[in-house]
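Me: I would like to learn how to read the features of a model such as this one. Could you take me through it step by step?

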Amino acid sequence: MRIDLDRRRFLSTAAATIAGLELTLFGATKSLLYGMETATDTGLASLRNATTWLNSPPLTADGLRGKVVLVDFCTYTCVNWLRTLPYLRAWDAKYREHGLVVIGAHTPEFDFEHDLDNVRRAITAMRVAYPIAVDNEYAIWKGFANQYWPALYLIDTKGAIRFTHFGEGAYDESERMIQKMLGEAGAAGFGRELVTVDAPGIEAAADWDNLRSPETYLGSEQGENFVRNAERLRLNEWTVGGDWTLGNKAVVLKQPNGRIAYRFHARDVNLVMGPTARGASVRYRVRIDGQPARGGADVDTQGQGVVTEQRTYQLVRQAPPIEDRQFEIEFLAAGLEAFCFTFG
């Protein structure tokens, strides 16, 4: 059994028992802070509680009767969701005209993911054309009793949930179920071959065989493996250098030339971060074992880049061999907050 090290790990074994899910669901992001309360509206009925809608007028359970509906729970910095996105785009493009309605339920984790300007910018950059129900109050999340980012729910023409999948993977199984349900609804004319995707950059599937580093939060609320003044880091330990403030959700740089170091084992290194002031920018340099990092979508050939918005930055994509290595990022100006490392 492969256990995927990913964006929201289970917080405890008891949590997994409460959720009634097996350990194979580690491919999904997990939250115990929401979804345990009783929902007023369940399933598709909860869509009427969306904060707002993007890419579409408001959709309702009554209006979706007779359609096959795919509801996908997401939050735009989640690397696990980002790696499923190529399939969601492909299914929307292939099956929309045959009666499939793909709906993204954007249920935010970090405070900045509540910001509609941030969400609009993100879905535009990610070429998301299907409807997005903004779920800032977790009403849809609660209506589905959901626990994970990403989470996929397939709902038939009568409004019944027929298939679920939590986390990455199961793409063929999910698409075959889409085809089955469309066929039951009387749709015809779509090809039975399964979609293939070309996923570059951060959307590319993780190198699971070489992934030994877990998602790591930097704020005090969920942070772990932080060490102070370490001369040498052990695998999956991290530290900072310079003038930083440790907050609940993030570490915040107060003076220029602050650094974060992490000893990791993975092909990719990603970091959720952003400027503390809207419209500001902060330049950075990334090194691996003391040498300029290359290959990440957000660094140039000299391992340099700039933070201009709050999102997930891909800072490292290395070629084999994949070994324990020392990552270091140096920020050349203050006014930067960093939330979470993820790996691929």
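**Reading the model, starting from a cavity**

Reply: The largest cavity holds about 100 Å³ of space. A cavity here is a set of points, on a 1 Å grid over the protein atoms alone, where a 1.4 Å probe fits but cannot get out; points are joined across faces, edges and corners, and the volume is the space filled by probe spheres set on them. Keep in mind that this is a predicted model, in which local features need pLDDT of at least 70 and side-chain atom pairs count only at pLDDT 80 or more, while totals for chains, interfaces and linings use all residues. Residues are numbered from 1 along each chain as its sequence is written, and side-chain values use heavy atoms, with hydrogens and water left out.

Me: Which residues that line the largest cavity are the closest to its centre?

Reply: Lining residues have an atom within 4 Å of a cavity point. There are 13 of them, and Asp72, Thr84, Leu152, Gly167 and Tyr171 are the closest to the centre. The lining divides into 7 nonpolar, 5 polar and 1 charged, where Ala, Val, Leu, Ile, Met, Phe, Trp, Tyr, Cys and Pro count as nonpolar, Asp, Glu, Lys and Arg as charged, and the others, Gly among them, as polar.

Me: Which element gives the most to that lining?

Reply: Helices (H or I, at least four residues) and strands (E, at least two) are DSSP runs, numbered from the N terminus. H4 gives the most, with 3 residues. The elements that give two or more residues are H4, S7 and H7.

Me: Is H4 mostly covered or mostly open, and what covers its buried residues?

Reply: Buried means under 20% relative accessible area, exposed over 50%, and partly exposed in between (1.4 Å probe, protein chains only). By that rule 10 of the 11 residues of H4 (residues 85–95) are buried, and these include Trp91, Tyr95, Arg89 and Lys94. Among what covers them are strand S3 (68–74), strand S4 (100–106) and helix H7 (171–184), with contact meaning heavy atoms within 4.5 Å.

Me: How should I read H7 itself, and which of its residues are buried?

Reply: An α-helix has 3.6 residues a turn, so residues three or four places apart point the same way. In H7, the buried residues are Tyr171, Ser174, Glu175, Met177, Ile178, Gln179, Met181 and Leu182. What covers them includes H4 and strand S8 (161–166). H7 has 14 residues and reaches 20 Å from its first C-alpha to its last, close to the 20 Å expected at 1.5 Å a residue; the expected span is 1.5 Å times one less than the number of residues. Gly186, with a positive phi near 95°, follows the helix.

Me: Which residues have the most contacts inside the largest nonpolar core?

Reply: In soluble globular proteins, nonpolar side chains tend to be buried together. A nonpolar core is a set of buried Ala, Val, Leu, Ile, Met, Phe, Trp, Tyr and Cys residues joined through side-chain atoms within 4.5 Å. The largest one has 67 residues, and those with the most contacts inside it are Leu70, Val71, Phe73, Trp81, Trp91, Leu100 and Ile103. Apart from it lies another core, of 32 residues, including Tyr284 and Phe343.

Me: Where are the cis peptide bonds and positive phi values worth a look?

Reply: Most residues other than glycine have a negative phi, and most peptide bonds are trans. Here a cis bond joins Trp149 and Pro150, with omega about -15°. Pro150 is in the loop between strand S6 (148–149) and S7, and is buried at 2% relative accessible area. Another cis bond joins Pro320 and Pro321, with omega about 5°. As for phi, Ala170 has a positive value near 60°; Ala170 lies in the loop between S8 and H7 and is partly exposed at 27%. Asn236 also has a positive phi, about 75°, and at 12% relative accessibility Asn236 is buried.

Notes. 1 Å grid on protein atoms, 1.4 Å probe; cavity = no way out; pocket = protein on both sides within 12 Å on 5 of 7 lines; lining within 4 Å.
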